[in-house]
Amino acid sequence: MTTALCQLLKLHYPLIQAPMAGVSTPQLASAVSSAGALGSISVGAATPAQAAEMIAQTQALTRGPINVNVFCHAPVRRDATREAAWIRRFSPQFAHYQTALPQALTEIYQSFTGNEAMLTVLEQARPAAVSFHFGLPGAAAIERLKQRDIVTLATATSLQEAREIARSGIDIIVAQGYEAGGHRGQFDPGAPDPQLSTFALVQAVRQHTTLPVVAAGGVMDGAGIAAMMQLGASGVQLGTAFVLCPESAASAAYRRALLAAGERGTVMTAAISGRQARCVRNAFCELCHDVKPEEIPDYPLTYSLGKALAAAAAAHGEHGFGAQWAGQGVALARAMPAAQLVETLVAEWQQA
């Protein structure tokens, strides 16, 4: 099990628990790291002060390496007409749940790009790894992290993005297939998406770059891990597989949705947050199935309304408007402690 990923991060197993914002916790990440894999937290939705506290909590719980994920989305383009129309679209739902309609959309998440305060937090905390989603930061930020001996990873959803990552000096490419749950890591959400499967993307990236490749998307058990390693992946990243762990921050409603998702299936939608993301086919997805891409405001503006609607509906017992992110392999999800899940995955992989 001495892959390049293991060597760079001193891991026993080439497995990464995906850094799911709002779901991953210091308890989840530390349990995974202590079990010999790479636990991850996401500070994409956090302020620098919140990020520093979250990283410190995680580091206090484990001696193992941890990964901290940040969002590198492009600056928001405001469009008052489009934003007002988006708010009006949901007027009947807010009225039904007896909640005032939001007056405006707000930029609830800061991008890591150009965020000096967040970069300083990472430099001071010195986690073993930092990963980037939605794009790449500037060259100076990457170099400053590398000077602190921090291993860097970035998500690619296409061969073009993988090549850009390779040119940037980043250490590891996370090849995110179309099966993956949660947000697509596309650099430009308006660009054509080749929608490559994890199987196809891993092979393409390996053929055209020399960096270690981590396979992400659709892998839920040891057989899936074995298949990706057979393709030459240096490691495998699993997200949906860890959501049902008791250490995750997933709500009871989210957990129930995952357990029922085998029948419902999943769907890719940008209506919840403003960016394409794979979600359990729930009430929000059904309501917005015919929305045109040009009608949706930029991420994370759209997400501010999505969260407000989810909260209004939940207050009245309807939980189908939440961001219930899940990959296509969700029917294979299992509820068990994170360390036990790592042990189970490794045993299944070895058997396969």
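A residue counts as buried when its relative accessible area is under 20%. The views below are taken from a predicted model.

Figure 1. Setting aside neighbours within four places in sequence, the contacts of Ala215 are Ala175, Thr198, Val202, Met228, Ala233, Gly235, Val236 and Gln237. Glu286, by contrast, is 71 residues from Ala215 along the chain, and the C-alpha atoms of the two are separated by 30 Å.

**Figure 2. Helix α10 and its buried residues.** The buried residues of α10 are Gly222, Gly224, Ile225, Ala226, Met228 and Met229. They pack against strands β1 (15-17), β8 (213-216) and β9 (235-238), and against helices α9 (198-208) and α15. Just after α10, Gly232 adopts a positive phi of about 105 degrees.

**Figure 3. Packing of helix α10 on helix α15.** Two packed helices are described by the angle between their axes and the distance between the axes. For α10 (residues 222-230) and α15 (residues 338-351), the angle is about 60 degrees and the axes are 7 Å apart. This angle makes α10 oblique to α15. The crossing of the two helices is right-handed. On the α10 side the contact is made by Gly222, Ile225, Ala226 and Met229, and on the α15 side by Leu345, Glu348 and Trp349. By class, the residues of this contact comprise five nonpolar, one polar and one charged.

**Figure 4. Packing of helix α2 on helix α15.** The axes of α2 and α15 lie 8 Å apart, at an angle of about 40 degrees. The crossing of α2 and α15 is right-handed. Leu28, Ala31 and Val32 of α2 meet Ala338, Ala339 and Val342 of α15. The contact of α2 with α15 consists of six nonpolar residues, with no polar and no charged ones.

**Figure 5. Ser33 within helix α2.** Helix α2 spans residues 26-34 and includes Ser33. With a relative accessible area of 5%, Ser33 is buried, because the cut-off for that class is under 20%. Apart from neighbours within four places in sequence, Ser33 is in contact with Leu38, Gly39, Thr62, Gly64, Pro65 and Ile66. One of these, Pro65, is 32 residues from Ser33 in sequence, with a C-alpha to C-alpha separation of 6.1 Å.

**Figure 6. Packing of helix α6 with helix α7.** Helix α6 (residues 116-125) and helix α7 (residues 139-147) cross at roughly 15 degrees, and their axes come within 10 Å. The two helices are therefore roughly parallel to each other, since angles under 35 degrees are placed in that class. The crossing of α6 and α7 is right-handed. Helix α6 contributes Glu116, Leu119, Thr120, Leu122 and Glu123 to the contact, while helix α7 contributes Ala141, Arg144 and Leu145. The residues of this contact divide into four nonpolar, one polar and three charged.

**Figure 7. Thr152 in strand β5.** Strand β5 covers residues 151-156, Thr152 among them. Thr152 counts as buried, at 0% relative accessibility. Beyond neighbours within four places in sequence, the contacts of Thr152 are Val130, Phe132, Leu145, Lys146, Gly169, Ile170, Asp171 and Ile172. Leu145 also belongs to the contact of α7 with α6.

**Figure 8. Phe132 and the nonpolar cores.** In soluble globular proteins, nonpolar side chains tend to be buried together. The largest nonpolar core in this model has 105 residues, and Phe132 and Phe242 have the most contacts inside it. Helix α14 (residues 301-314) supplies the largest share of this core, seven residues. Neighbours within four places in sequence aside, Phe132 is in contact with Asn69, Val70, Cys72, Phe112, Pro137, Leu145, Thr152, Leu153, Ala154, Thr155 and Ile170. Another core, of 13 residues, lies apart from the largest one and includes Cys6, Leu38, Leu153 and Ala216.

Notes. Residues are numbered from 1 along each chain as its sequence is written. This is a predicted model: local features need pLDDT of at least 70, side-chain atom pairs count only at pLDDT 80 or more; totals for chains, interfaces and linings use all residues. Side-chain values use heavy atoms; hydrogens and water are left out. Axes are lines fitted to C-alpha atoms, for helices over the stretch in contact, and angles run from 0 to 180 degrees between N-to-C directions. Helices (H or I, at least four residues) and strands (E, at least two) are DSSP runs, numbered from the N terminus. Angles under 35 degrees count as roughly parallel, over 145 as roughly antiparallel, 65 to 115 as roughly perpendicular and the rest as oblique. A crossing is left-handed if the near helix is turned anticlockwise from the far one by less than a right angle, and right-handed if clockwise. Contact means heavy atoms within 4.5 Å. Ala, Val, Leu, Ile, Met, Phe, Trp, Tyr, Cys and Pro count as nonpolar, Asp, Glu, Lys and Arg as charged, and the others, Gly among them, as polar. A nonpolar core is a set of buried Ala, Val, Leu, Ile, Met, Phe, Trp, Tyr and Cys residues joined through side-chain atoms within 4.5 Å. Buried means under 20% relative accessible area, exposed over 50%, partly exposed in between (1.4 Å probe, protein chains only).
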